[in-house]
Structures are given as C-alpha cells and as structure tokens.
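Dear colleague,

I am passing on the structure below, and my notes on it follow. Please read them with the coordinates open beside you.

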Amino acid sequence: MKIQAFVAASSLLQLSVAQPRRHGHPHDVHHRRAFIPKRDKVTVTDPKFTKPTEIPEVVVYVDHQPDCSPAAPPVVPPGAVPASPAPQAPQPQPPAPAPAASSAPAPPPAPKPSTSVQPAPQPSAASPAAPPPKSSASAAPPASEDSALHGITYSPYKGAGGCKSAAEVDADFALFAKDHGVIRLYGVDCDQVASAYAAAKKYGNKLMLGIFDISSIPQAVSTMASGVKNDWSIVDTVSVGNELVNNGQAQVGQMVGAIEQTRSALRAKGYNGPVVTVDTFVAVIAHPELCDASDYCAVNVHPFFDPNTPSAKAGSFITSIVGQIRQKLSDPKKRIVVTETGWPWKGTANGAAVPGMDTQATAIASIKSSFTSNPADCILFTAFNDMWKKPAAGTFYAEQFWGMGARCSPAD
C-alpha cells in the first residue's frame, strides 16, 4: 500500500512510552529537528479505494527526552525517606556541630548528590574525634562476585508518592540489574530489603544495604536479617548513615560509635562482611577517622558540583580526590569505594559542569575509564530519575534527573 503520510497514533505513542533510554545512546536531538508544518488532511492512494481518500493527519514525534513527572506533587509515604531538604550552598562551610551524643540525631535527608566541591578545614583540637575501633573483619571481600561490573544506587519510591511493590521493584531490576554488580540501597523502609533481596537473587546481584537513622540501629538490623532471610551471602556491605557529618546531623564520634554498634549487631545476626559509614569526600578528607573506623573507605564524589570540572574530566576529578583521601588514611593501602557518582541529564549549568544527555554520557564514560582496573569500586548514581524529590536552586534544579540514560522507572 502506498501511503504519502499516515501514522497510527495510538501504537506509536505506546511504543514511545515503553521504549527505555539505553545508556550510551542518548537521543537528545529534538531541538535540532526541522519543523514540519502540520496539515489538516492528507490524501491516501491505494488500490482498495476507488478514488483518492482524505483523512485527518496526525503527527507524533517519538524522539524526545523522557518525562517522568508525576501527575500530582510528590507525597512521601509514611515512614519513607523524606524529600530532599533545603539545599546546601555549592561551596559549603565546614560541617556544623551536631546535637550531643545523648540526644537522637535528626532523621537523615533523602539520598542525593553532594554539593560539596572543596576540601573542608581539618578538625580543630577543641573537638577531637573518638579513636577508630578494631574491625572484626580480617579483610573486606570484593564488592561483587562479578568484579567487572560497576554498582548502581536504587530507591524504591514512586514519583507520585508511595512505596513500590515487590513486583514493581522486580520490574525495575529487570531493566538495570544485568549491567551492574552491587545494588546500593539507602534504608529499610518500604519493605525494600525483602523486595530487593528477591530481585537480586533472581537477577544475580549483590546488595549494599543501608541504615539511615542511627538512633534505630537494632531495629534496622533486625529488618535486614528478616528481609534477606538470614541469607547474608547476597549482602556485599552494610552502611550506616549517608553524609550525616557533612550535613551537620552527626558528629564524627557519633558515627564511629554507630559503626561499632552496627557491626556488633550484625555479627550477632550472622553477618561477617564489611560495615562502613558513607560521607562526602569533603567530610572524609577533613575526618579520615570515618574511613579508619570503617572496614573500607566509602565516599560520595560528584564531579558535577565542582564548577571547574567539565563532563569530560569527571573521571580525572574522582581520581584526584581518591588520591587526596588516600594520603589522609592511617592505612594508605585501605580499599576506597566511591559509593555515589554520576552526572545529571537535566538542570542548570554549574560553571563548566553542564547537564545534558550528551554530557551525562561523556561524564559516565570518563568515570568508568578511571575505574578500568577496579570497576567494582565505583557505584553509579542512579538507576532511575527520582521524581519524588524536589528541585532546588542549590542543586541546580537537577535533583530529579540523575537517572542513567535519563531512564524512568516503569512505576512512574
């Protein structure tokens, strides 16, 4: 059949929505496409018709950036990680003092890229940190049985609010699990440990489990043990806290104590793998005892928040930061894992750091190249766009748009 112009609108729309963005193949070209004027009707000629027939023309563009925006403003589910707090300034000051150790710290913020870009001053003698404990782990095992794969972060929240079901978590894993080794979680709410455990077992991943609230460590450990059915073989690492010292929500001594408490509780449950705390590179350079107390050094490094680093230099920025951290450690040979790093595909520019589909692909390629010999020591941020977060000027309105390849979760 010879058709001058006819588009099956409904079919193409379904395909465009269902087709995921694939990392390494960005299609951010809609702004370069020539404009085609829309006509009211087109003529269809076909032997089945005895005369030329006119039908309404429908034009559908399917090559566009994905839109995961929820129909309504995000609503954080009860007990879930709260939406991003007021942003830090791009050039942060030294961490503010936290409440006394006897009081429970404020709930930690939602997982987000650090806005820190410059090393903070060294701690003063007036506020010494507690000495690091002796680890009961003789040596930290590799990050994944498949050490040729990078890790990736994952959060189980829907863009419009609410927790993802086990089936929705499984559907998410089906899209990204095969390309990654360790999957990093941030908390124990939303039954995410059990859901991620089932999916990780199915797709062959390891999990990095996380505890956000350091005032409820025993409960979190019990939830973890139940969620993995005491099958600790699937757990690569357990982290306690995420950027709490950087955000002024905990003191260094508190975090050292939280590591000890978490490690002890996990050992009692049969877990003998690494226990770490995660903080920004700024906090770790200022307080290397955070790494000394951990079974390996876990640090978040986001080149995008350095206004002097373009996407092509993202990898060299991380290499430089890791070198600075190593010089601060009591054991310079200790393993260092970058537990968050990536690049946004949408937002406003931060000097030489410019968001975009092309720049994200360039940055990720640069980051991966800096971990050629040790890809398991790099955990990318993040599996999907986080539409449940709130955009803010302090994070260059990019907070929601760090998904690899601009990927949206099917649940959004």
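**Notes on the model**

Leu-149 is partly exposed, since its relative accessible area is 22%, where buried means under 20% relative accessible area, exposed over 50% and partly exposed in between, with a 1.4 Å probe and protein chains only. This is a predicted model, in which local features need pLDDT of at least 70 and side-chain atom pairs count only at pLDDT 80 or more, while totals for chains, interfaces and linings use all residues. Residues are numbered from 1 along each chain as its sequence is written, and side-chain values use heavy atoms, with hydrogens and water left out.

Leu-149 lies in the loop between β2 (53-56) and β3; helices (H or I, at least four residues) and strands (E, at least two) are DSSP runs numbered from the N terminus. Leaving aside residues up to four places away in sequence, Leu-149 touches Lys-178, Asp-179, His-180, Gly-181, Pro-375 and Ala-376, a contact being heavy atoms within 4.5 Å. Its C-alpha atom is separated by 10.0 Å from that of Thr-372, which is 223 residues apart from Leu-149 along the chain.

For the chain as a whole, the secondary structure comes to nine helices and 10 strands, and 51% of the 412 residues count as buried. Of the contacts between residues at least 6 apart in sequence, 76% join residues at least 24 apart.

Eight of the strands close into a barrel, with parallel pairing, in the order β3-β4-β5-β6-β7-β8-β9-β10; two strands pair if DSSP finds at least two bridges between them. On average, and with direction ignored, neighbouring strands of this sheet are turned by 25 degrees against each other, where axes are lines fitted to C-alpha atoms (for helices over the stretch in contact) and angles run from 0 to 180 degrees between N-to-C directions. Strand β3 and strand β10 (residues 378-380) run parallel and are joined by two bridges, with Gly-151 standing opposite Ile-379 in β10. Helix α8 (residues 314-328) packs on the sheet, where it touches β8 (297-300) and β9 (336-341), and its direction makes about 135 degrees with that of β9.

Within strand β3 is Thr-153, which is buried, as its relative accessible area is 0%. The contacts of Thr-153, again without residues up to four places away in sequence, include Arg-184, Tyr-186, Thr-339, Glu-340, Ile-379 and Phe-381.

In α2, the buried residues are Val-169, Asp-172, Phe-173 and Phe-176. They cover an arc of only 100 degrees around the axis, and are therefore on the same side of α2, the arc being that of the directions from the helix axis to the C-beta atoms. Among the elements that cover these residues are β3, β4 and α3.

As for the cysteines, there are two disulfides, a disulfide being a pair of cysteine sulfur atoms within 2.5 Å. One is formed by Cys-163 and Cys-190, with their sulfur atoms 2.0 Å apart. This pair links distant parts of the chain, 27 residues apart, with Cys-163 in the loop between β3 (151-153) and α2 (166-176) and Cys-190 in the loop between β4 (182-184) and α3 (192-203). The disulfide of Cys-163 and Cys-190 is left-handed, because the torsion about its S-S bond is about -60 degrees. Cys-163 counts as partly exposed at 29% relative accessibility, whereas Cys-190, at 17%, counts as buried. Cys-291 and Cys-297 also form a disulfide, their sulfur atoms 2.0 Å apart, and both of these residues are buried.
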